[in-house]
Amino acid sequence: AMKDDSDDDSDDEGGEFGMPGGDGPELQAVYAVVELMEAAMGGGAMSDREWEALMSSAAVAIAADGSKKASELGPEDWAVYPLEEILDDYGVLVLGEPPEVGGRAEVRPGDRLRLLVRDAEGARQDLRDALLAAKRRDLGAMVAGR
């Protein structure tokens with residue numbers, strides 16, 4: 001689990017979040033992901049338990065078509081993969097298999113990513129919205145005689 005060890009007085013040479021010194025682009029990207037995830041939880045250092053809870057609901061969405069403008073991307077343009085692990089020593093995000101697709105994600109430089117963190121209330125609201133939209137479609141089809 002990754003956490004802020006700023007209170008740790010050890011003399012290790014690692015950078016923030018236990019990452020090795022250096023500031024290459026891979027590590028900078030992982031720093032940004034960690035900061036976004038912490039901000040989603042209200043900011044500040046998190047306990048191991050809080051970090052595990054956050055990781056259990058985190059996912060990464062990858063845009064299937066990198067040539068589209070960001071404003072043209074809709075929900076159907078994103079493949080969502082569970083975020084299984086952050087290998088902080090290497091600056092690597094390990095993505096799992098999306099249930100609907102199978103296979104592992106391959107991220108290339110320039111790919112558009114979105115970090116997703118689900119909360120229980122947000123998930124319930126999304127399910128309610130999807131159910132309501134389906135009922136409206138069914139009712140509209142019934143009224144139209146289809």
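Five bridges join strand β1 to strand β4 (residues 113-117), and the two run antiparallel. Here two strands are said to pair if DSSP finds at least two bridges between them, while helices (H or I, at least four residues) and strands (E, at least two) are DSSP runs numbered from the N terminus. The model is a predicted one, in which local features need pLDDT of at least 70 and side-chain atom pairs count only at pLDDT 80 or more, whereas totals for chains, interfaces and linings use all residues. Residues are numbered from 1 along each chain as its sequence is written, and side-chain values use heavy atoms, with hydrogens and water left out.

Three helices and four strands make up the secondary structure of the chain, and along the sequence they follow the pattern α-α-β-β-β-β-α. The chain has 146 residues, of which 23% count as buried; buried means under 20% relative accessible area, exposed over 50%, and partly exposed in between (1.4 Å probe, protein chains only). Among contacts with a separation of 6 or more, 47% come from residues 24 or more positions apart, a contact being heavy atoms within 4.5 Å. The accessible surface of the chain is about 10,100 Å², and carbon and sulfur atoms account for 51% of that area. These areas come from the Shrake-Rupley method with a 1.4 Å probe, and for residues only the protein chains shown count as cover.

Strand β1 is mostly covered, as six of its six residues are buried. In a regular strand the side chains alternate between the two faces of the sheet. In β1, Ala 58, Val 60 and Ile 62 point one way, Ala 59, Ala 61 and Ala 63 point the other way, and all are buried.

Strand β2 pairs in turn with β3 (residues 92-95), again in the antiparallel sense, over four bridges. Leu 83 stands opposite Leu 95 of β3, and Leu 87 stands opposite Val 92 of β3. The two strands form a hairpin with four residues between them, and Gly 91 in the turn has a positive phi of about 70 degrees.

The largest nonpolar core comes next. It has 15 residues, of which Met 37, Trp 51, Met 55, Leu 83, Ile 86 and Leu 95 touch the most other members. Such a core is a set of buried Ala, Val, Leu, Ile, Met, Phe, Trp, Tyr and Cys residues joined through side-chain atoms within 4.5 Å. Helix α1 gives the most, with four residues.

The C-alpha atoms of Leu 36 and Leu 115, 79 residues apart along the chain, are separated by 8.1 Å.

The structure holds one salt bridge, defined as a side-chain nitrogen of Lys or Arg within 4 Å of a carboxyl oxygen of Asp or Glu. In this salt bridge the side chains of Lys 68 and Asp 77 meet at 3.0 Å, N to O. Lys 68 is partly exposed, with a relative accessible area of 25%, whereas Asp 77 is buried, at 12%. On the surface, Leu 139, Met 142 and Val 143 form a nonpolar patch with about 350 Å² of accessible area together. Patches are made of residues with over 30% relative accessible area and no salt bridge, where like charges are joined within 9 Å and nonpolar side chains (Val, Leu, Ile, Met, Phe, Trp, Tyr) within 5 Å. Val 143 lies in helix α3 (residues 120-143) and is exposed, with a relative accessible area of 68%.
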